[in-house]
Amino acid sequence: MTNKTKNQKISVNSSPSEGATAGQQTKAEQRTELASQQAETEQRTELTGQQAEAEQRAERTELASQQAARGAVDFDAVQGMTEQRTELGSSPSEGAVTGHNDAMRKINKPQVVFFGNGPLSDATLTVLQDHCDILFHARSKSDLADASRIKQENPKAFGILASFGVMIRSDLLDLFEPEGILNLHPSLLPKYRGASPIESAILAGDSDFSYSIMKLVKAMDAGPIYHQETLKKLPLNKLEIYHHLATAGANWLVNNLHHIRQLNPVPQNDADATFTEKFDKSLSSLHPEQYTASEVLRQIIAYQDFPKPKYTFFGKTCIILEAHVLRVTDILCEAAGLNGTKSSPLMIKCADRNFVVIDRLQPEGKKPMDAISFVNGYGKPNKN
């Protein structure tokens with residue numbers, strides 16, 4: 001065989017090898033592209049599935065919100081829904097999560113039928129409105145039929161009462177079983193049952209003030225107790241005492257409503273009960289000759305708003321708004337220049353020879369004013 005023939009064979013043998021290599025590279029590229037397409041398809045499928053799941057969750061949330069408005073969602077179901085989490089990080093998913101959380105917050109608010117009127121009721125309701133869904137506020141006896149209807153339409157709703165002043169019928173009480181209507185009463189029951197617990201505590205000389213959360217029963221303020229608390233060192237101001245007790249009691253209710261039905265209230269000892277009276281206008285006139293200065297001051301504080309403490313100066317009947325006690329020893333020290341005590345131009349001498357000093361007052365038919373302004377206007381001889 002010639003050299004030329006050998007070279008030709010070698011050339012022939014090398015050509016197929018180069019072609020095979022090129023073919024393999026092409027097939028590898030095709031396989032890589034195919035794998036990439038499959039991965040992209042799977043990613044799209046997973047994304048679509050997640051988006052569909054998010055949409056379903058959003059639909060469930062909307063349905064739950066609608067049910068909650070009708071009182072048809074219980075707390076256990078809500079808790080299960082709250083624990084769900086969205087895995088998507090895209091904008092549609094974030095929007096679904098936001099809507100879900102907003103709906104959960106609305107659903108989680110306990111529903112309440114509220115009974116009450118007056119300063120204790122107002123302060124209590126201020127706290128409850130931030131944490132509860134107030135379905136109805138019964139202010140008087142004429143509202144009781146609506147309260148009954150709304151409770152029957154919303155069987156999971158709680159009943160809360162603060163200073164209502166109207167006897168609740170047994171059939172309405174029964175609707176709120178087993179926990180009953182929860183009554184915020186401003187005293188350490190069984191002490192100071194009745195219509196004027198805070199005022200009676202002020203008149204009695206108490207320095208600490210309490211509230212009780214009890215289950216309302218037909219007998220006046222005689223229901224079993226869920227919780228009691230005493231607040232110390234409160235300012236001797238009627239409205240501030242109302243506010244502090246109502247706020248503390250309402251906050252306890254907010255924190256315990258979800259499990260109140262698992263608590264067992266403790267019966268009161270009726271043998272220890274004391275009772276308060278309903279005030280009337282006959283109490284408004286002050287009689288300092290019969291009481292000590294401290295007792296008269298407490299009457300002025302307790303009778304604010306109603307029946308309004310009154311006294312006559314220069315022939316003019318006035319409502320006493322603010323005052324303080326001045327003892328005889330303080331006056332003697334003032335005369336001797338031993339302290340900085342200053343008396344007012346209006347002072348009432350009391351049975352213990354000490355004085356109640358008038359700081360602000362309101363003549364009948366006039367605006368409130370300080371004592372100096374009153375004396376300047378009414379204390380002159382020609383203005384008796």
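Predicted model: local features only at pLDDT ≥ 70, side-chain atom pairs only at ≥ 80, totals over all residues.
Colleague: Where is R353 found, and what is its phi?

Modeller: R353 is in the loop between β9 (347–349) and β10 (355–363). Its phi is positive, about 70°, although R353 is not a glycine. D305 is another non-glycine residue with a positive phi, about 75°. D305 sits in the loop between α9 and β7 and is exposed, with a relative accessible area of 55%.

Colleague: Which peptide bond in that loop is cis?

Modeller: The one from F306 to P307 is cis, with omega near 5°, and P307 belongs to the loop between α9 (293–302) and β7. There is also a cis bond from L189 to P190, with omega near 15°. P190 lies in the loop between β4 and α7 (197–203).

Colleague: How many helices and strands does the chain have?

Modeller: Helices (H or I, at least four residues) and strands (E, at least two) are DSSP runs, numbered from the N terminus. The chain has eleven of each. Of its 384 residues, 38% are buried.

Colleague: How do strands β7 and β8 run relative to each other, parallel or antiparallel?

Modeller: Two strands pair if DSSP finds at least two bridges between them. β7 (residues 310–313) and β8 (residues 316–326) run antiparallel, joined by four bridges. Within this pair, K310 faces I319 in β8. The two strands make a hairpin with two residues between them, and F314 in the turn has a positive phi of about 50°. By contrast, β3 (residues 158–162) and β4 pair in the parallel sense, over two bridges, with L161 standing opposite N183 in β4.

Colleague: Which way do the residues of β4 point?

Modeller: In β4 (residues 182–185), L182 and L184 point one way, N183 and H185 the other, and all are buried.

Colleague: What span should helix α8 have?

Modeller: The expected span is 1.5 Å times one less than the number of residues. The 19 residues of α8 (residues 238–256) should therefore span 27 Å, and the end C-alpha atoms are 27 Å apart, which agrees. Buried residues in α8 include I241, L245, W252 and L253.

Colleague: K151 is a lysine I would like to understand; which helix holds K151, and how far away is the nearest side chain of opposite charge?

Modeller: K151 is in α5 (residues 144–153). A salt bridge is a side-chain nitrogen of Lys or Arg within 4 Å of a carboxyl oxygen of Asp or Glu; Lys and Arg count as positive, Asp and Glu as negative, and His and the chain ends are not counted. K151 is buried without a salt bridge, and E179, the nearest side chain of opposite charge, is 5.1 Å away. The side chain of K151 does reach the backbone oxygen of A157, at 2.6 Å. A polar contact is a pair of N or O atoms within 3.5 Å; within protein, one must be able to donate a hydrogen and the other to accept it, and residues adjacent in sequence count only if both atoms are side-chain atoms.

Methods: Residues numbered from 1 in each chain as written. Heavy atoms only, no water. Buried < 20%, exposed > 50% of the residue type's maximum accessible area, 1.4 Å probe, protein only.
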